[in-house]
Amino acid sequence: MTPRRPAGEVIRYKRSRFATRLPKHYRYTRAHYWLHRESDDGPWRIGLTTFATRMLGDLVECNFALAARDPVRVGQPIGTIEGFKAISDLYAVAEGRFAGANGALDMDITLVESAPYADGWLYAVDGAADPDSLDVDGYISVLDATIDRMLAARGEGDPDA
């Protein structure tokens, strides 16, 4: 099965040794989640950005502590994702009702890495996106600042090199 790519315009981003394509019409969080709705009244699909998946390393497993229709609020821990580098908590970045996990990940967790903005979504929420979520330009500013801090911590030079 070939993973799908997100529909619509993408912004190419490259800084230092990191490059990605960011769907322009998605919302993003400072914690490196993305949110997208297929329709105005549909659930928000939520996943991890390419930057987040690189920080986790090769993924092994994803688990949720909620059942469908359970209430969720922004910032609530809702599950975990395990990579070879770390086990991380997953948080709700939308408020409303948990609409379920992406069942395809039970068969192929690598979709989170290979198709992060399409088939690799993590979970869905019926409700409202995090009011502090960012458009693609805001998220690019977050990426720039994050990569600058990482390079400075390693004592590396020009982050645009």
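Student: Leaving aside neighbours within four places in sequence, which residues is T146 in contact with?

Tutor: T146 is in contact with H32 and F51 once those sequence neighbours are set aside. Please bear in mind that this is a predicted model.

Student: Where is the place of T146?

Tutor: T146 is placed in helix 4.

Student: Is T146 buried or exposed?

Tutor: T146 has a relative accessible area of 12% and is buried. The cut-off for that word is under 20% relative accessible area.

Student: How far apart are T146 and R30, in sequence and in space?

Tutor: In sequence, T146 and R30 are 116 residues apart, while their C-alpha atoms are 9.7 Å apart in space.

Student: Back to H32. What is its phi?

Tutor: H32 has a positive phi of about 70°, although it is not a glycine. As background, most residues other than glycine have a negative phi.

Student: Where is H32 placed, and is it buried or exposed?

Tutor: H32 belongs to the loop between strand 3 and strand 4. Its relative accessibility is 11%, so H32 counts as buried.

Student: What about the phi of S16?

Tutor: S16 is not a glycine either, and it has a positive phi of about 55°. S16 sits in the loop between strand 1 (10–15) and strand 2 (18–23). With a relative accessibility of 13%, S16 counts as buried.

Student: What do strand 1 and strand 2 form, and how many residues lie between them?

Tutor: Strand 1 and strand 2 form a hairpin with 2 residues between them, and S16 is in the turn. The two strands pair in the antiparallel sense over 6 bridges. Within that pairing, R12 stands opposite R21 in strand 2.

Student: Changing topic to pockets: which residues line the second largest pocket?

Tutor: The lining consists of R15, S16, R17, F18, F51, R54, M55, K85, I147, M150, L151 and R154.

Student: How does the lining divide by class?

Tutor: The lining of the second largest pocket has 6 nonpolar, 1 polar and 5 charged residues.

Student: How do strand 10 and strand 11 pair?

Tutor: Strand 10 pairs with strand 11 (residues 123–129) in the antiparallel sense over 7 bridges. For G100, the bridge partner in strand 11 is A124.

Student: And strand 7 with strand 10: how many bridges there?

Tutor: That antiparallel pairing has 2 bridges, and strand 10 covers residues 94–101. V72 has G96 in strand 10 as its bridge partner.

Student: What about the order in the open sheet of 3 strands?

Tutor: That sheet has the order 6-8-9, with antiparallel pairing. Strand 6 (59–64) and strand 9 (87–91) stand at the edges with a single partner strand each, so one side of each has no neighbour in the sheet. Neighbouring strands of this sheet are turned by 20° against each other on average, direction ignored.

Student: How many bridges join strand 8 to strand 9?

Tutor: Strand 8 (residues 77–83) is joined to strand 9 by 5 bridges, and the two run antiparallel. E82 stands opposite I87 in strand 9.

Student: S88 also lies in strand 9. Which residues does S88 touch, not counting those up to four places away in sequence?

Tutor: S88 touches L56, G79, T80 and I81. The C-alpha atoms of S88 and L56 are separated by 8.1 Å, although the two are 32 residues apart along the chain. S88 is partly exposed, with a relative accessible area of 24%.

Conventions. Residues are numbered from 1 along each chain as its sequence is written. This is a predicted model: local features need pLDDT of at least 70, side-chain atom pairs count only at pLDDT 80 or more; totals for chains, interfaces and linings use all residues. Side-chain values use heavy atoms; hydrogens and water are left out. Two strands pair if DSSP finds at least two bridges between them. Helices (H or I, at least four residues) and strands (E, at least two) are DSSP runs, numbered from the N terminus. Axes are lines fitted to C-alpha atoms, for helices over the stretch in contact, and angles run from 0 to 180 degrees between N-to-C directions. Buried means under 20% relative accessible area, exposed over 50%, partly exposed in between (1.4 Å probe, protein chains only). Contact means heavy atoms within 4.5 Å. On a 1 Å grid over the protein atoms alone, a cavity is a set of points where a 1.4 Å probe fits but cannot get out, and a pocket is an open set with protein on both sides within 12 Å along at least five of seven lines; lining residues have an atom within 4 Å of a point. Ala, Val, Leu, Ile, Met, Phe, Trp, Tyr, Cys and Pro count as nonpolar, Asp, Glu, Lys and Arg as charged, and the others, Gly among them, as polar.
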